[in-house]
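Open the model in your viewer and keep the selection tool ready. The tour goes stop by stop.

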Amino acid sequence: MTVAYRRRKMDAAFRAEWAEMIAIGYHRLEAVLLRRAFEGTVRVITKRDGREERMHEYPNQLGLQLLKMHRETALEIDDGMAAEDVDEIRERLVRKLQRLKKRDEAQEAERAQLRGDAPRDGDAEECNGGPTKTGA
């Protein structure tokens with residue numbers, strides 16, 4: 001048994017902090033996975049002729065697992081909430097996802113600028129969630 005586990009076993013305050021850090025880590029990981037399920041990840045495919053194609057991949061298995069894990073909770077919440085509350089929460093989630101998307105687009109633009117990439121035809125399509133083809 002390591003010192004940390006021994007301390008956790010014997011020190012209530014340390015045990016409480018440990019549990020809090022586990023919860024924080026869990027929620028952060030869940031947020032990352034949810035975001036990945038909703039927004040996908042960008043995959044760059046290099047063609048034989050050297051062209052690159054960017055596309056979004058969506059991890060269906062992750063999405064299905066999240067649905068299974070949270071189905072009962074969502075149903076309980078839906079049953080106990082007024083329609084106005086559900087609409088307000090939905091709007092807040094949409095706004096948050098839009099903010100995350102804008103932040104990601106700004107970071108990607110900054111990375112492109114640092115690489116010296118110039119905007120190419122189709123880049124606007126990528127911002128709208130579609131695949132983008134970039135050529136050399």
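Which residue takes a positive phi in the hairpin of strand 1 and strand 2? Select Gly50: its phi is near 95 degrees, and the hairpin has 5 residues between the strands. Helices (H or I, at least four residues) and strands (E, at least two) are DSSP runs, numbered from the N terminus.

Before moving on, note that this is a predicted model, where local features need pLDDT of at least 70, side-chain atom pairs count only at pLDDT 80 or more, and totals for chains, interfaces and linings use all residues. Residues are numbered from 1 along each chain as its sequence is written, and side-chain values use heavy atoms, with hydrogens and water left out.

**The strand pair**

Select residues 41-46, which form strand 1. Strand 1 pairs with strand 2 in the antiparallel sense, over 6 bridges. Pairing requires that DSSP finds at least two bridges between two strands. Now pick Arg43: its bridge partner in strand 2 is Met55.

**Glu53**

Stay in strand 2, residues 52-57, and select Glu53. Glu53 counts as buried because its relative accessibility is 16%. The cut-offs are under 20% relative accessible area for buried, over 50% for exposed, and partly exposed in between (1.4 Å probe, protein chains only). Show side chains: Glu53 makes a polar contact with the side chain of Lys47 at 3.4 Å. A polar contact is a pair of N or O atoms within 3.5 Å; within protein, one must be able to donate a hydrogen and the other to accept it, and residues adjacent in sequence count only if both atoms are side-chain atoms.

**Arg8**

Go to helix 1, residues 3-10, and select Arg8. Arg8 is partly exposed, at 29% relative accessibility. Beyond its neighbours within four places in sequence, Arg8 is in contact (heavy atoms within 4.5 Å) with Phe14, Arg15 and Trp18. Draw a distance from Arg8 to Ala19: their C-alpha atoms are separated by 9.6 Å.

**Phe38**

Finish in helix 2, residues 12-39, at Phe38. Phe38 is exposed because its relative accessible area is 57%.
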